[in-house]
Amino acid sequence: MSPIDHRAEVREFLTSRRARITPEQAGLLAYGGNRRVQGLRREEVAMLAGVSVDYYIRLERGNLSGASGSVLEALARALQLDAAEQEHLFSLARSAAKGPARRRTPPAAVRPTIQHVLDAISDAPAWVRNGRHDIVAMNRMGRALYSPVLENPRRPANTARFVYLDPAALDFFVDWDQVANDAAAMLRLEAGRTPHDRELIELVGELSTRSDIFRQRWASHDVQFHRSGRKRLRHPIVGRLDLDYESMELPAEPGLALIVYTAAPGSSTADALTMLASWSARPDAVDEPADSAVGEESVDGTR
């Protein structure tokens, strides 16, 4: 898989953000009834950002090198970027400034202390992932909850690969379409942070080759944080689960995030988690370390 084309990333991201904003949304009068472009014109973005048209054209052509923080902030305001999109823009600018030699690969394992923390969380599913969505560590409840994801022997287990390439994901995730959108958007955000991560490049290439839906959603250039929310699952053992999740970055382990799932006390999902805990304690339940040996992929299909 070829390295990600940084200039193309910048160009397509800025173009897609410009195309989604109407003059009315930007507080401009729509003039010239027959507009030939979708969304704002380049000169309109330049005016809103307080830069020259020539300079904005240079930026949109993929040259963010040398763009100051104030210019990037003005551009973010003009394009009405949300927090994740602003971070992505700044990540692209940092990559342009540092050049191709800069490389940071997200960790693929955790220190024993982190595993001890996971194991101490005994009544809630918890796991650690990197920015590629590799599962790098789990507690017993996490392995029980994500048993459908772990059925494929390929390691490290990867939730984005499961979502897009495993037919079981359609049954497991109640809101599969939203989960698929989120997975692609989070991978796009990670690509901005670590554009030279070879394993991420290979993952995106694999998903793009084998999944038409991923390829379409990747091309949207949407980005998204994954910090808190609700995940609705159909577990093969305990049935429907409506779980709240919190995702917390680990400051001592850059690139890793701890995700914990909980349920409202007294809810049917809380009762189901109690059943899941009992099932997970059985000798025949899923009980494998997240860093087990790499196996051959058992699913081969395209969505």
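Analyst: Happy to! Let's begin with helix 12, whose buried residues pack against helix 9 (159-165), helix 11 (176-193) and helix 13 (212-219). Please keep in mind that this is a predicted model.

User: Which residues of helix 12 are buried?

Analyst: They are L200, I201, L203, V204, G205, E206, L207, S208 and R210. The helix itself covers residues 198-210.

User: How do you know that the span of helix 12 is close to the expected one?

Analyst: Helix 12 has 13 residues and reaches 18 Å from its first C-alpha to its last, against 18 Å expected at 1.5 Å a residue.

User: What caps the N-terminal end of helix 12?

Analyst: That is D197, with a side-chain oxygen 3.2 Å from the backbone nitrogen of E199. The cut-off for a polar contact is 3.5 Å, and the 3.2 Å pair falls within it.

User: Why is the pair D177 and R217 called a salt bridge?

Analyst: The rule asks for a side-chain nitrogen of Lys or Arg within 4 Å of a carboxyl oxygen of Asp or Glu. For D177 and R217 the N to O distance is 2.5 Å, so the pair qualifies. The pair links distant parts of the chain, with D177 in helix 11 and R217 in helix 13, 40 residues apart.

User: What makes R17 and D222 a salt bridge?

Analyst: Their closest N and O atoms are 3.1 Å apart, which is within 4 Å, so the pair counts. R17 sits in helix 1 (residues 6-19), while D222 is in the loop between helix 13 and strand 3 (228-235), 205 residues apart. R17 is buried, with a relative accessible area of 3%, whereas D222 at 38% counts as partly exposed.

User: And what about E190 and R193, where do they lie?

Analyst: Both lie in helix 11, 3 residues apart, about one turn of the helix. E190 is buried at 5%, and R193 is partly exposed at 28%. Elsewhere, salt bridges that share partners join R17, R20, E85 and D222 into one network.

User: How many salt bridges does the rule give?

Analyst: The count comes to 21.

Conventions: Residues are numbered from 1 along each chain as its sequence is written. This is a predicted model: local features need pLDDT of at least 70, side-chain atom pairs count only at pLDDT 80 or more; totals for chains, interfaces and linings use all residues. Side-chain values use heavy atoms; hydrogens and water are left out. Helices (H or I, at least four residues) and strands (E, at least two) are DSSP runs, numbered from the N terminus. The expected span of a helix is 1.5 Å times one less than its number of residues. Buried means under 20% relative accessible area, exposed over 50%, partly exposed in between (1.4 Å probe, protein chains only). Contact means heavy atoms within 4.5 Å. A polar contact is a pair of N or O atoms within 3.5 Å; within protein, one must be able to donate a hydrogen and the other to accept it, and residues adjacent in sequence count only if both atoms are side-chain atoms.
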